[in-house]
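Below are my notes on the model, as numbered points. They cover helix packing, the nonpolar cores and the aromatic pairs.

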Amino acid sequence: MHESSAQRSRTRRKETGPPATGADEKATLRGFLDYLRNSVADKAAGVPEPQVRTGGVPSGTSLLGLLKHLAFVERFYFLGEDAGDWPATMRPSAQDTLDGVLADYRKTIERANRVIDACPDLALPAPRAPRRGSAPSMRWVLVHMIEETGRHAGHADILREQIDGSTGR
């Protein structure tokens, strides 16, 4: 039996299990969040233009758009920065490059992790962009960011498989 060119071009990454984390709640939550963050970044890494910015579904969602959006979400919840136009955070500009957006995402994660690490009690409010209402707790933000990043990691899995057949983490 001969393989098709599509079958030959597919790459399968080794599946990785859940992350090893510290024993306390914050270390566990941050460990899972970092695991998902790395998964999204790894799915986009090395994807050439124009595929990295090309929408793979009717909504136009692309790997570059997912990275850009997640950086905005991280800044909003952990750094208290307002995103302004949320739909625009999913649309990379002509000037956005994979290297630039990926570097911004990783730098944003570093800054967010410093805020998480400095929080002495997860029941305390997280930083908040100017809005009405009280800020959610750091615990809520961590759980929400695991949900948000996990959701988009699934999108990234599908988009990457559509681009070059790559599967796995």
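1. H2 and H4 count as roughly antiparallel, because the angle between them is over 145 degrees. Their axes come within 11 Å and cross at roughly 175°. Axes here are lines fitted to C-alpha atoms, for helices over the stretch in contact, and angles run from 0 to 180 degrees between N-to-C directions. Helices are DSSP runs (H or I, at least four residues) numbered from the N terminus.

2. This is a predicted model: local features need pLDDT of at least 70, side-chain atom pairs count only at pLDDT 80 or more, and totals for chains, interfaces and linings use all residues. Residues are numbered from 1 along each chain as its sequence is written, and side-chain values use heavy atoms, with hydrogens and water left out.

3. Where H2 meets H4, the H2 residues include Arg37 and Ala41, and the H4 residues include Leu98, Tyr105 and Ala112. Contact means heavy atoms within 4.5 Å. Tyrosine 105 touches Arg37, Ala41, Leu67, Leu70, Ala71, Glu74 and Thr149, leaving aside residues up to four places away in sequence.

4. The largest nonpolar core has 21 residues, and Val52, Leu63, Leu67, Leu98 and Tyr105 have the most contacts inside it. A nonpolar core is a set of buried Ala, Val, Leu, Ile, Met, Phe, Trp, Tyr and Cys residues joined through side-chain atoms within 4.5 Å. Buried means under 20% relative accessible area, exposed over 50%, and partly exposed in between (1.4 Å probe, protein chains only). Two or more residues of this core come from each of helix H2 (25-44), H3, H4 and helix H5 (138-164). H3 gives the largest share, six residues. Apart from this core lies another, of 17 residues, among them Leu33, Val73, Ala112 and Leu142.

5. There are three aromatic pairs, counted for rings of Phe, Tyr and Trp (its six-membered ring) with centres within 6.5 Å; planes under 30 degrees apart are stacked, over 60 edge-to-face and the rest tilted. Phenylalanine 76 and tyrosine 77 form an edge-to-face pair, because their planes are at 85°, with ring centres 4.8 Å apart. Phenylalanine 76 is buried at 6% relative accessibility, and tyrosine 77 is buried at 17%.

6. Phenylalanine 76 also pairs edge-to-face with tryptophan 86, with centres 5.4 Å apart and planes at 85°. Phenylalanine 76 lies in helix H3 (residues 63-79) and tryptophan 86 in the loop between H3 and helix H4 (98-118), so this pair ties together parts 10 residues apart in sequence. Tryptophan 86 is partly exposed, at 28% relative accessibility. Ring pairs link Phe76, Tyr77, Trp86 and Trp140 into a cluster.

Terms used. Parallel < 35°, antiparallel > 145°, perpendicular 65-115°, else oblique.
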